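Please examine the sequence and the structure shown below.

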Amino acid sequence: MLFRFHNLIISALFLLVSQLSADDTQAREIFVEAILAEGSEQTALVESLSTTASTLVPDFLEAWKRGDIFLLEADGSAAPTPLLEVEPEQEGGTPTYFRVIDGEEMAAGSFDPAALEMARPSRKTRRVFTMTIDLLALSTPNVQERADAALKLGLKRDDDILPKLILLRETETEPSVIEALNEGIAVSMLSHGTKEGQMDAIQLLRDENSIAGLDALKNLRHDLNDGLATHPFSEEELAKLTASIASIESYISWTDFVGTCFRGLSLGAVLLIVALGLAITFGLMGVINMAHGEMIAVGAYSAYISQTVFYSLFSESTFALETYFLFAIPFSFLTAALCGFILERTVIQFLYKRPLESLLATWGVSLILQQGFRLIFGAANRQVRSPSWLLGNVEIFDITFGFNRIFVIGFAILIVFGTWFLMAKTPMGLSIRAVMQDPQMAAAMGIRINRVRMMTFAFGSGLAGLAGVFLSQIGSVGSNLGQSYIVDSFMVVVAGGVGNIVGTVISALGIGVTDQALQPLLGPVMGRICVLVAIILFLQWKPGGLFPSKSRSLD
Amino acid sequence: MKFLRGVRAGAILSAGALLGLQAQAEEDDTVKVGILHSLSGTMAISETSLRDVLLFAIDEINASGGVLGKQIEPVVVDGASDWPLFAEKSKQLLLQDKVAAVFGCWTSVSRKSVLPVFEEYNGLLFYPVQYEGEEQSPNIFYTAEAVNQQAIPAVDFLLEEGREKFYLIGTDYVYPQTTNLVLLEYLLSKGVPLRNIGGGLRRDADGEVISAGTYTPFGHTDYQQIMADIKKFAASGDAAVINTINGDSNVAFFKEYAAAGLTAEEVPVVSFSLSEDEFRSLPAEDLVGQLGCWTYFMSLDTPENEEFVANFQEWLATADVDGIEREGRVTCSPMVLSYDGVYLWKAAVEKAGTFDVDSVVKALESGISFDGPGGTVTTQENHHLTKNVYIGETLPSGQFEVIESFDEVYGEPFLKGTFSEE
């Protein structure tokens with residue numbers, strides 16, 4: 001948005017100073033007239049701008065809307081001169097002014113900037129701005145913009161615009177624009193067309209599965225029921241209309257279903273990466289680690305630190321923004337692991353046999369850490385910007401797949417695979433499992449259990465740090481970030497069965513999908529409550545969770 | 001009867017004034033006022049700024065000679081984001097410290113919890129933050145924006161821009177719920193059909209609408225499903241979102257909004273709980289072009305505002321307050337309304353010639369004007385303020401660019417049931 005606006009100004013500047021085609025001259029004249037006119041005359045003039053072929057119009061209208069057009073009062077009874085204000089590039093500089101009529105720059109000192117008065121468009125006029133810009137967009141070479149404008153104008157259901165769209169359909173060659181035009185025309189036809197046109201539109205919207213057209217179809221049915229429609233419908237025609245609505249609605253419920261599954265998976269993936277670290281520290285090691293949430297926050301703050309470092313090293317460049325995240329991933333893992341290591345050495349190693357005391361001690365640590373974050377980073381939340389490859393989305397069959405959501409699913413798969421590999425396939429994993437199952441026996445076999453415990457706890461904390469990096473992309477980074485996820489984490493681990501990573505995976509995905517499926521039905525608040533109640537009931541039925549641990553050494 | 005009541009009131013007043021004068025004569029030449037805000041807990045991030053601006057206003061007044069020749073002595077207490085504690089602290093301010101007036105509260109729930117205390121002990125509270133209305137206590141002065149000074153002008157603006165469909169979303173508590181119910185009535189009265197209002201409706205057994213819109217808990221972070229719903233709702237064009245989400249959740253909301261490919265041109269969001277101060281901890285870049293509606297913006301181009309902003313920054317640099325943040329500070333509507341409150345109180349005290357609560361309230365009710373940073377504000381008989389309302393567009397810097405203003409809007413707290421179809 002920022003860049004777009006800058007481009008606008010630069011292109012406006014360029015055009016202002018250098019070229020003055022006949023179209024532009026005409027557009028400028030109408031524009032000046034519009035600024036000086038009032039009421040409905042002004043509105044009509046702005047509307048007439050859409051017939052000029054000048055590329056300046058959208059920039060002018062944008063500038064006018066934003067309050068960058070000023071009036072310089074003339075002496076005597078002459079009309080004031082409209083000026084375009086361009087903000088200086090550097091903070092604190094003085095703005096430059098250009099005469100709207102010919103684009104000449106006003107020499108500084110030839111007038112008093114303080115005496116300028118902002119030219120505000122009347123509210124009625126502002127309303128036609130977007131329509132004028134859209135009408136102009138119908139003739140831009142950019143295919144996407146043309147298609148968007150065609151659909152938007154069609155949705156306005158304006159009978160002045162409809163003939164223009166029909167005219168355009170005859171000359172348009174781009175298939176995607178023709179499709180948008182057809183959809184837009186069909187929607188307009190529902191309100192303004194002949195009976196035949198309406199029936200064609202009903203069929204077309206049904207064939208296209210047009211979500212945008214659903215409202216228009218429903219409005220038509222309302223009008224028919226209230227007797228307000230221009231053409232009365234026969235029973236058969238009414239049935240066709242109803243069938244068309246039903247068909248689009250069933251298409252929507254299908255997209256809702258698939259979309260909900262995807263969103264459930266992505267929430268499940270978030271829960272999974274948040275809980276996986278806990279599945280190791282609590283699930284395997286049996287430490288009730290209330291500071292797990294703060295390990296997540298450590299990861300999130302690490303992402304913030306790496307962003308700051310990259311920005312200062314490479315001065316806020318695109319390169320810094322695009323790459324800091326790749327560095328942040330291992331960095332957060334290491335910082336969180338280091339914190340976990342320190343926590344284990346200073347507190348937890350003395351409490352392995354006293355789980356309740358470890359609960360209290362880690363809770364205390366969590367409070368200390370939260371206050372520490374506030375002291376170091378301040379009470380206000382910190383912002384972490386997302387690299388462009390995590391922004392945006394793809395849309396397939398009207399379902400939006402956000403890149404960040406796709407990323408988190410892939411990220412979760414990688415982390416789970418990595419954890420599984422470490423646990424099942426490496427000598428380290430073997431000794432971890434040995435120590436967790438029977439510490440005395442493991443010690444007797446020559447495994448240094450203290451070291452293994454230390455490493456395991458650091459690894460679990462590191463995983464929490466990884467969760468923090470991702471959370472920094474979907475929310476803000478603050479001292480109580482961890483608090484909002486600690487309950488979820490325990491919920492996932494307990495429901496999945498303590499000590500079992502497969503159980504954690506399944507329960508995270510299950511909770512995610514259930515939560516998303518209940519939300520549209522019950523709302524976010526009730527949906528959440530229902531999920532919690534369901535988990536409580538489930539644990540009554542299966543106290544050990546999905547996959548209860550069968551090992552004899554764990555009590 | 002009316003005459004008699006007048007006489008009685010006059011008698012009580014003069015007696016009160018006498019007592020007041022006597023009490024003051026015994027004390028030294030200062031007058032105490034209370035500052036009751038959360039300086040710790042979840043609301044501290046917003047409310048600390050109000051404490052700062054109140055102290056600033058008091059220092060300013062003291063430097064220019066005080067009120068009725070007395071220096072103001074602020075008594076700062078911490079409500080700690082704990083609503084029952086607010087009631088306890090206000091009792092302490094009124095009974096123990098015997099303050100002449102209290103400036104404070106942010107959340108509606110804290111105001112509701114101190115209200116009975118102020119009524120019982122006849123205190124005077126100035127409340128500065130936009131709220132849902134439907135309340136008018138004789139002991140509270142609402143310098144805050146009433147619904148018709150924020151939500152309704154914003155909706156009017158959107159209607160003028162040609163928006164036809166409105167999606168309501170907020171945090172689940174009293175302010176968003178009440179505001180949205182009022183807005184629902186207003187939209188229906190403007191000819192927007194019920195099917196064009198998104199977010200869902202809840203009705204009670206008699207079919208009466210008791211809740212309009214979608215609500216999420218405090219601190220909610222997952223807006224995927226809601227955003228999918230908004231996208232579907234907006235597919236037919238000309239839709240807008242009315243956002244009463246509070247706090248952190250806004251970050252998650254706007255990040256999800258961007259990820260869903262929505263833009264301010266297609267589906268503008270107007271937010272009622274986001275001011276310049278909130279933008280200090282929000283990614284303003286994600287909100288460029290979205291709308292805000294307040295009775296003050298820091299970017300207002302008036303000499304009063306420029307002076308206010310400059311003086312406040314200067315004061316911050318040297319202020320002797322524990323743990324005060326000096327860097328990167330901004331001003332916003334709740335701060336300015338707190339500031340206005342102190343000056344209105346001063347003017348009322350000077351008009352009444354006494355610190356006695358009843359006389360001051362009477363003076364306030366008679367209509368007192370102050371040329372504040374956001375324009376002239378005038379007190380009304382119904383304990384609200386007449387003031388200017390501005391609509392602004394968010395800039396990447398976290399400031400607003402004013403794109404529309406409504407002059408001297410009368411504050412009207414009771415709106416429910418007042419709209420009829422045109």
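**A strand and its partners**

In this predicted model, Leu291(B) stands opposite Glu393(B), which lies in strand 16 of chain B. Strand 13 (residues 291-294) and strand 16 (residues 385-394) of chain B run antiparallel and are joined by 4 bridges. Strand 13 of chain B also runs parallel to strand 12 (residues 269-271) of chain B, with 2 bridges between them; here Gly292(B) is the bridge partner of Ser271(B). Strands pair if DSSP finds at least two bridges between them, and a strand is a DSSP run (E) of at least two residues, numbered from the N terminus, whereas a helix is a run of H or I of at least four.

From strand 13 of chain B, Leu291(B) and Cys293(B) point one way, Gly292(B) and Trp294(B) the other way, and all are buried (20 or more other C-beta atoms within 10 Å of the residue's own, with C-beta atoms placed from the backbone).

**Contact between the chains**

Chain A gives 41 residues to the contact and chain B gives 40 residues; residues are in contact if their C-beta atoms, placed from the backbone, lie within 7 Å. On the side of chain A that touches chain B, helix 20 of chain A supplies the largest share, 7 residues.

**Domains of chain A**

Chain A is divided into domain 1 (2-125), domain 2 (141-233) and domain 3 (261-486), with bounds from an automatic or database domain assignment. The C-alpha centres of domain 1 and domain 3 of chain A lie 53 Å apart.

**Conventions**

Residues are numbered from 1 along each chain as its sequence is written, and chains are lettered from A and ligands numbered from 1 in the order in which they are written. In this predicted model, local features need pLDDT of at least 70 and side-chain atom pairs count only at pLDDT 80 or more, while totals for chains, interfaces and linings use all residues.

Definitions and conventions. Two residues are in contact if their C-beta atoms, placed from the backbone, lie within 7 Å. A residue is buried if 20 or more other C-beta atoms lie within 10 Å of its own, exposed if 12 or fewer, and partly exposed in between; C-beta atoms are placed from the backbone.
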